[in-house]
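Visitor: I would like a close look at one part of this model, namely its charged side chains. Please take me through them step by step.

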Amino acid sequence: MVRVTHPFHPWAGREFVFVAERRTWGEARVFFLDEDGTQRSLPSGWTDVPAPDAFVAVAAGRSAFRVCDLVAVAALIDGFRASNESNRP
C-alpha cells in the first residue's frame with residue numbers, strides 16, 4: 001500500500017495499491033492503482049514511500065557499514081576506553 005502524504009493533494013491521507021517506484025519524467029515517481037484499478041502515478045515525495053538511502057544505493061552491497069555508523073562505533077569504543085582508564089588503580 002502507498003499513502004498520499006502531500007497535504008494539499010485531493011487524495012491526501014488515502015491509501016492505494018502500490019505497483020512500483022520508477023524514475024520517469026525526470027523524477028522519482030510512485031505508481032499505484034486507484035479505486036477503479038487504473039494505474040496512476042505521483043511524485044515519490046508526495047507519498048509515504050521512503051527514498052532509498054543514498055549511501056546504500058551508491059555502495060550497491062559492497063559495504064556493510066555507513067561511515068557515520070563506523071564513526072559512532074569508534075566514539076563508543078573511545079568512551080569505554082576512557083572509562084576503563086579512569087577506573088584503574
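How far apart are the mean positions of the positive and negative charges of the protein chain?

Guide: The model is a predicted one. In the protein chain there are 10 positive and 11 negative charges, and their mean positions are 4 Å apart.

Before the pairs, a word on the setting. The protein chain has two helices and four strands, and from the N terminus on the elements run β-β-β-β-α-α. Its C-alpha trace spans about 75 × 30 × 20 Å along the principal axes. The radius of gyration is 22 Å, whereas a compact globule of 89 residues would have one near 12 Å. Of these 89 residues, 19% count as buried. The chain exposes about 6700 Å², and 60% of that is supplied by carbon and sulfur atoms.

Now the charges that pair up. Arginine 14 counts as partly exposed because its relative accessibility is 34%, while glutamate 35, at 52%, counts as exposed. The cut-off for exposed is over 50%.

Another salt bridge joins the side chains of arginine 66 and aspartate 69, at 3.1 Å from N to O. Arginine 66 has a relative accessible area of 30%, so it is partly exposed. Aspartate 69 is partly exposed too, with 32%. Aspartate 69 is found in helix H2. Its C-alpha atom is separated by 29 Å from that of arginine 22, a residue 47 positions away along the chain.

Helix H2 (residues 67–86) also holds both partners of a further pair, aspartate 78 and arginine 81, which lie three residues apart, about one turn of the helix. The closest N and O atoms of this salt bridge are 3.9 Å apart, and the cut-off for a salt bridge is within 4 Å. Aspartate 78 counts as partly exposed because its relative accessibility is 46%. Arginine 81 has 52%, so it is exposed.

Definitions and conventions. Residues numbered from 1 in each chain as written. Predicted model: local features only at pLDDT ≥ 70, side-chain atom pairs only at ≥ 80, totals over all residues. Heavy atoms only, no water. Buried < 20%, exposed > 50% of the residue type's maximum accessible area, 1.4 Å probe, protein only. Rg over C-alpha atoms; globule rule 2.2 N^0.38 Å. Areas by Shrake-Rupley, 256 points an atom, 1.4 Å probe, with all protein chains shown as cover. Lys, Arg positive; Asp, Glu negative; His and termini not counted. Charge placed at Lys NZ, Arg CZ, Asp CG, Glu CD.
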